[in-house]
Amino acid sequence: MELRKTHIYQYHAEHGNVIDFGGFAMPVWYEGIIPEHKAVRETCGIFDTSHMGRVYAEGPEVVKFLDYVDTNDIGALIDGKGVYGVMCKPDGGIVDDLIVYRQSAEKFLVVYNAGNRAKDFAWLQKNTKGFKVKLTDMSDKVGMIAIQGPKAAEVLAKIAATDPNAIERFNIAPIKISGFDCLTARTGYTGEDGFEVFILEDPVTAPAKSLKIWNDLVTVGAEPCGLGARDSLRLEAGLWLYGNDIDETTNPIEAGLKWVVKMKKSSYFNGRKALEGIIEKGVSRTLVGITLTERGIPRHGYEVYDGEKKIGVITSGGVAPILNESIALAYLPPEYKEPGKEVQVKIRTNLVKGKIVKHHPFYDESKYGWKRVKA
Amino acid sequence: MEEGKGMTDEVKVETGLYYTNEHEWAKPSEDIVVIGISDYAQSQLHEIVYVELPKKDAAIAQGEAIGAVESVKAVSDFYSPVTGTVFEVNEALMDSPEKINSDPYGEGWIAKVKPSNWDANVAKLMDAEKYKQHITTLKH
């Protein structure tokens with residue numbers, strides 16, 4: 001089967017190590033995962049994220065609709081503000097995680113995972129029943145590039161018509177970049193400061209604007225980064241990966257996403273009743289962070305033990321290039337959630353020692369990530 | 001994996017060594033056999049960050065998983081190309097696993113084995129010419 005090509009495919013084919021990622025031809029790395037990872041933590045890296053789902057939701061009842069499908073408080077958004085949340089099934093299982101941006105009272109931009117594009121659009125469409133709202137899939141009509149790292153604002157400013165520093169975290173604003181109309185959001189998936197740029201009116205069949213912006217970003221010093229660094233960066237930041245750490249069999253309460261479930265909303269939303277029940281009863285497992293205290297690399301699917309007893313499974317794991325440690329996320333019974341608690345990870349035939357650590361993020365926020373004080 | 005940047009670089013196949021389908025090599029040297037992974041294997045894995053070495057003095061069999069080589073993204077089991085007893089392991093790889101990337105046939109060796117039936121083992125391995133053909137078929 002022919003792989004789907006994104007807006008930036010031409011660059012990947014020439015410079016990257018391209019793999020099949022959920023049906024898309026995407027680069028896993030250009031120079032290497034480790035240097036790309038470090039570039040984002042120390043300076044600035046760019047990612048092609050135009051494989052992601054991008055949908056306009058419009059209409060007089062768009063707020064009511066989005067408050068019905070999203071667990072977070074969409075009604076509380078003002079123009080130009082976005083919010084991270086999840087969509088749940090009635091049983092509380094997670095359909096996907098997403099960011100919803102309010103452009104105006106009747107127009108929102110909804111951004112979700114590449115691997116769920118068909119499923120999410122169908123899910124949203126199905127849930128429009130009874131609401132005066134119209135959905136338009138813009139994924140193939142709009143390019144998307146993420147610019148991430150402590151120098152992201154400085155790098156983007158070199159090719160932007162106005163200073164991107166004026167955009168606050170989780171806000172979105174129209175800005176001309178390389179002369180083209182874009183929406184620029186101060187969001188990302190790396191833990192660092194940065195932007196996600198939506199390149200308007202740029203069809204994937206002739207993506208000249210997105211390619212120009214990408215090449216301009218490379219010229220002004222941004223490091224092109226592949227999916228390998230995207231994954232290692234989000235893991236170090238303790239950010240959830242749909243399909244690994246969350247899916248339709250996990251709920252936001254056990255996933256550590258209670259903070260995006262807004263029970264204070266007056267209206268019903270998908271999963272509300274089930275999630276209220278889960279909160280009242282308490283969870284049977286919870287997502288924890290583990291760091292190994294012996295050598296080895298924990299990976300997705302490896303089992304976690306307390307002595308002889310199997311207590312859970314790793315959902316994401318790997319090396320943390322900045323921390324120089326082996327880290328993992330795993331669902332364990334809640335009695336194991338306290339930092340310092342000792343566990344073992346079964347790596348092939350060996351039980352390797354580890355301990356529970358804080359994981360959102362794994363790193364020290366005074367040294368890495370968007371909260372660090374700028375020197 | 002589609003053919004990308006790293007794949008088009010010339011892959012080195014050293015003559016005088018014997019190779020497995022899974023890209024391990026074995027090099028007989030007097031009464032021992034040195035074993036490791038090929039240049040093709042290291043280029044596929046890229047950025048090797050961890051090696052699980054075989055255990056010293058362990059009795060191992062040809063085709064048996066006796067360790068692993070891991071990159072940031074992937075784990076690759078290391079199958080012994082030879083039957084015998086592990087005589088020495090390359091401890092330097094614990095601190096510098098990247099030696100496998102930079103010098104897979106030299107400093108990146110994984111273990112030295114005292115073979116118990118080398119003639120039978122070598123009959124199941126490929127020489128450099130055959131292995132070159134083998135990796136050519138994989139690259140397309």
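Biologist: In chain A, among contacts between residues at least 6 apart in sequence, what share joins residues at least 24 apart?
Modeller: That share is 66%. Keep in mind that this is a predicted model.

Biologist: How many helices and strands are there in chain A?
Modeller: Chain A has eight helices and 19 strands. Its radius of gyration is 20 Å, close to the 21 Å that the globule rule gives for 375 residues, so chain A is as compact as a globular protein of that length.

Biologist: What box do the C-alpha atoms of chain A fill?
Modeller: Roughly 60 × 50 × 50 Å, taken along the principal axes. Of the 375 residues in chain A, 51% are buried.

Biologist: Which domains is chain A divided into?
Modeller: Domain 1 takes 9-48 + 140-236, domain 2 takes 54-137, and domain 3 takes 284-375.

Biologist: How many Å apart are the C-alpha centres of domain 2 and domain 3 of chain A?
Modeller: They lie 32 Å apart.

Biologist: Why do residues three or four places apart in an α-helix point the same way?
Modeller: Because an α-helix has 3.6 residues a turn.

Biologist: Strands now. Is S7 of chain A mostly covered or mostly open?
Modeller: Mostly covered. Five of the six residues in S7(A), 107-112, are buried.

Biologist: Which strands have bridges to S7(A)?
Modeller: S4(A), residues 53-58, pairs with S7(A) in the antiparallel sense over six bridges. One bridge there sets A:Val55 against A:Val110. S6(A), residues 94-104, also runs antiparallel to S7(A), with six bridges. There, A:Leu98 has A:Tyr112 as its bridge partner.

Biologist: And what joins S6(A) to S7(A) in the chain?
Modeller: A hairpin, through two residues.

Biologist: New topic. How many residues does each chain give to the contact?
Modeller: Chain B gives 14 and chain A gives 17.

Biologist: Which elements of chain B each supply at least two residues of the side that touches chain A?
Modeller: Helix H1 (5-8), strand S4 (48-52) and strand S6 (65-71) of chain B. By class, that side of chain B has six nonpolar, three polar and five charged residues.

Note on methods:
Residues numbered from 1 in each chain as written. Chains lettered and ligands numbered in written order. Predicted model: local features only at pLDDT ≥ 70, side-chain atom pairs only at ≥ 80, totals over all residues. Domains from an automatic or database assignment. Buried ≥ 20, exposed ≤ 12 C-beta atoms within 10 Å, placed from the backbone. Helix = DSSP H or I, 4+ residues; strand = E, 2+ residues; numbered from the N terminus. Pairing = 2+ DSSP bridges. Contact = placed C-beta atoms within 7 Å. Nonpolar A, V, L, I, M, F, W, Y, C, P; charged D, E, K, R; others polar. Rg over C-alpha atoms; globule rule 2.2 N^0.38 Å.
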